[in-house]
Structure formats: structure tokens, C-alpha cells
Protein chains: 2
Amino acid sequence: MKFDIAILGSGNVAWHLSAALENAGHEITEVYSRNLDHARKITGRLYATEATDRLDFSESKARVFIIAVADQAISEVADAVILPENSILVHTSGSMGLEILEYSSASYTGIFYPLQTFSQKRELDFADVSILLESEDQETLQILKKLASSLNSPHYTVKSKDRKAVHVAAVFASNFTNHLIGIAEEIMNRQGLDVEMLKPLIIEQISKCLQIGARGAQTGPAIRVDFPTLEAHHQFLNYNEQLAEIYRLISQDILDAN
Amino acid sequence: MKFDIAILGSGNVAWHLSAALENAGHEITEVYSRNLDHARKITGRLYATEATDRLDFSESKARVFIIAVADQAISEVADAVILPENSILVHTSGSMGLEILEYSSASYTGIFYPLQTFSQKRELDFADVSILLESEDQETLQILKKLASSLNSPHYTVKSKDRKAVHVAAVFASNFTNHLIGIAEEIMNRQGLDVEMLKPLIIEQISKCLQIGARGAQTGPAIRVDFPTLEAHHQFLNYNEQLAEIYRLISQDILDAN
């Protein structure tokens, strides 16, 4: 089933999602951005999509309208957009609930949240993007499921309350793990050591963790209750109090969890 | 160049290393364990290796002796082992220095530290294992390099002082990232949510991080200086004070680093 879809926004999510949806056979009718040049960057790689800086879609043939802007801008776009009859308006945010769309002119609202880190520079297959869906309207939910299926994306119906938990979990699993690898990079650089030597370990550790779960994959001085090593590492980090405290706290949490 | 090698130890490192070395064409002459059955588990999958629970190798034809036991047991083995003339004794620990081998009867000593997480259940290609080498004797260092090369392992000459830094970095990059994914799993489980939905995000985030470095790959509320989300997440975690503190501290460190 093919849909006519308008994309409201011109960031990384809009960039990847518009191309993926067109690839899946849907028609992207318009891409909106306050800055017309930004919209044109996206429409330039689509088949026949209008770039617009106006939020009046009363004449649009689109049925589904996807807001893909920063969290703080969602309500502004949702409140201002003029939609045709019988239209579905969704946003793509992990943090915002359905209620942020309640003053819009949409007949139906929903959430279409791709749980993924998007960069313009990295190609991304939507088969590797979990999409979290929500709507109070069953027919709308079915349409969102069809959209996600057309992208071959694993998708899950998740209520706003639970989506918040997913978002917190994602911060730990993704943003924080990234930062800890960053700390490791800095420790290596500070010592003039090649960061490259850590990479096979990181890859194997994460693969093992995803295969058997973190609990079974845990190694290191804390899980071995190896206090001499924990103490030596803590001493090593005394050049940066905050780093030493992060080391102490996570080690403590590993000790407590086991 | 092929070597005759004895393995002292019967844990995961001994298990993987002995098979990899034999595969690379070296002869594993003996595997030692205090518990003969443990040694036999390993020799059982090798071509013609003697299992032994005695540390007298005066009659062994091995030239290289690799201690692969827990850190606390290294000195005991090193002090007790009786080695033939002209032998090289190395250990495989990330935390211990060369000096732990100084009372041994070895002619030469060194370190052959595979920077990897080993599990008996997961096959591991030594091409994906960084090996950190050290010796005060240049000829010994050359032999260790040849051994690592024969395994197709990327290898690095790293002094004990620097190896300690690598070990601390590895704890952040591997043990701690694993634990943070464990925290994410628990947040999901607590809410009855499918952990599976996080996996594509974790894979993409780590891939991006390894490709462009952690700094460039950082996303999330802290790097966006999105205080409302940081505050909401912190509130969400108030069921576990230590978790909330980990969230706060790592977020603070991301804020400070940028």
C-alpha cells in the first residue's frame, strides 16, 4: 500500500526518512523547512517533490504528514500547519508524547519514532532501524505499521510512558557507551598510544553482549572483585577527579549487580 | 619460523591461544595445570601435547613458556617453574609488569598480552586480537613479534607503564560499555519492553564511533545541552539512586567535554 507523504523538517531524520520512504514506493509530495534551501537539499535527491517554506498544506494531496524537527520546534510546527481533511500527523521524537500534537488541525495523530542515530554522512538501511509507533486511533496505527513494514523496519507499538523508558535506556546503551569509548580514546591519546589497538576488543565485547546479554558477557576487575586492580586504576585516574569518580561509581554498580 | 611452546595454565586464554598457536604451525609441547583434568581438556583438542600437573620442564623441548593463569597466580607459577636453558618465559596479563617474572629460572622474560575478552563458547580469530608485547631483551621481543605475526594478530610493543593505561582504557571501552548496556537491558525489562529494539541502535552507534571517533559520533541530550530531557531522565531514574547518579555524572562529563 502506497501513501502520499509530506515531510515537515530538513534535518538528518528528514534526510534519511524521505529517501527511504520514496525508495519503498511512497510518494513524497512536499518537504517543508523554514529555510527553503534546506528543504531543497532534500528534494534535490527525490523524484518529484516540492520544497516549501509555507505550512499551508490545504491543497496537498498528502495523507500522512511527518514532523521531523528538533523537539523544541514540534509544537510550533504542529500548531501552525494547515492540513487537508482526513490527514494523519505524526512526529518522530523519542521524548515527546502524543499530546504535543493535540492542538493541530490533523484528523488523526501518532508517533513514528525511529530509534536510531542518524548522520548525513552514513548510509543507513531502515532494516536496521527499530521504529516505535503510537496512536490512539487503531486505523492510524495500522497505517503506521504498514509504513514501517514497507521500510522493512522492525517496529513496536510503544505507549508514550514506555517510550520514555526506551529513550532513557537508549541514552545508556548508545550515548553513554559512546562517551565511555571517548574516555578510553583520551586515555590512550594522553599516553601517546594507538587507539586502534582497542577496536577488536570493543567489537568482540559488544558482539558478545548482544548475543548473550550484558550480564553473561561482563568481564573486568569489578566482576572479578579484584580490589587491587580497581584501586590501582582509580589511582591512575587521579589526574581527573571526575573520571576517577565515574570509574569508582560504575565499578561499584557492577559489584552491586552481582 | 616455528617454535616449540609450553602453555602454563588452562583457562580461557590458554584454551584459545594454544589452539591458535598450533593452527599457526607451532608445536604445543605441554599444557600445565595444577588440575590435570583441566590440562587434558585443552590437550584433548591439540595434536600431540602432553598434559601435566608438574612444573618441572627441565626435560622439555619447548623454548617459549607462556603463563596464562589468573593474575594472583602468576608469581607462584613463575617462581616454581623449572625451565630448560635458554628459555623464554612470558605472561599474558594486562595488569602485571615484567618484574613479576624476575625470580623465575628463565633466561629471558617478556609479556604477550592479548587485549581481548575470551569466552570458551565463542570462536575467536586471532586476527581480531591486539597483542601487546614487551621484553627488555631485543631478541626475545623479535621472537614475540614473530609469534604474534604468525597468528595474524595486530601487535604493539607497549611498556608496562603504558600497558596499565591501555588496561584502564580497556575497562572503560569494554567492561563499562558492557555494563551500561546491561543497565539499558534492565530498564527495558523492568518496563516489560523488548530489549531487541535497542540492538540496531547500539550496533550503529558503535560502528559510527569506531569509524569517526567518539567525539564526532556523540549524540543525545547532554551533547545537545537539552536540560529538560536530562532532568526528565534523572527523575525517571529516581527508583535507583545509584543509577540516577551514574546518569548525572556521565551527562556532566559529556557537557564538560564539549
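## Exercises on a two-chain interface

Chain A and chain B bury about 8100 Å² between them, 67% of it on carbon and sulfur atoms. Buried area here is the accessible area (1.4 Å probe) that two parts lose on being put together, summed over both. This is a predicted model: local features need pLDDT of at least 70, side-chain atom pairs count only at pLDDT 80 or more, and totals for chains, interfaces and linings use all residues. Residues are numbered from 1 along each chain as its sequence is written, chains are lettered from A and ligands numbered from 1 in the order in which they are written, and side-chain values use heavy atoms, without hydrogens and water.

**Exercise 1. Describe the side of chain A that touches chain B.**

Solution.
- Start with the count: 86 residues from chain A and 86 residues from chain B take part in the contact (heavy atoms within 4.5 Å).
- Next, area. Arg122(A), Phe172(A) and Met197(A) supply 9% of what chain A buries against chain B, more than any other three residues.
- Then polar links. There are 40 residue pairs in polar contact between the chains, both residues at pLDDT 80 or more. A polar contact is a pair of N or O atoms within 3.5 Å; within protein, one must be able to donate a hydrogen and the other to accept it, and residues adjacent in sequence count only if both atoms are side-chain atoms.
- Last, elements (DSSP runs: helices H or I, at least four residues; strands E, at least two; numbered from the N terminus). Helix 5 of chain A gives the largest share, 27 residues.

**Exercise 2. Find the salt bridges across the interface of chain A and chain B.**

Solution.
- Apply the rule: a side-chain nitrogen of Lys or Arg within 4 Å of a carboxyl oxygen of Asp or Glu.
- The rule finds four across the interface.
- Glu186(B) and Arg215(A) form a salt bridge, at 3.6 Å, N to O.

**Exercise 3. Relate chain A to chain B by superposition.**

Solution.
- Superpose by least squares on the C-alpha atoms of residues with pLDDT of at least 70 in both copies.
- A rotation of 180° with 0.0 Å of shift along its axis does it, with RMSD 0.0 Å.
- The two copies are therefore related as by a two-fold rotation axis.
- In chain A, the C-alpha of Thr177(A) is nearest the axis, 2.4 Å away.

**Exercise 4. Which residues have the most contacts inside the largest nonpolar core?**

Solution.
- The largest core has 88 residues.
- Phe172(A) and Phe172(B) have the most contacts inside it.
- Beyond neighbours within four places in sequence, Phe172(B) contacts residues including Leu180(A), Ile183(A), Leu237(A) and Thr177(B).

How values were computed. A nonpolar core is a set of buried Ala, Val, Leu, Ile, Met, Phe, Trp, Tyr and Cys residues joined through side-chain atoms within 4.5 Å. Buried means under 20% relative accessible area, exposed over 50%, partly exposed in between (1.4 Å probe, protein chains only).
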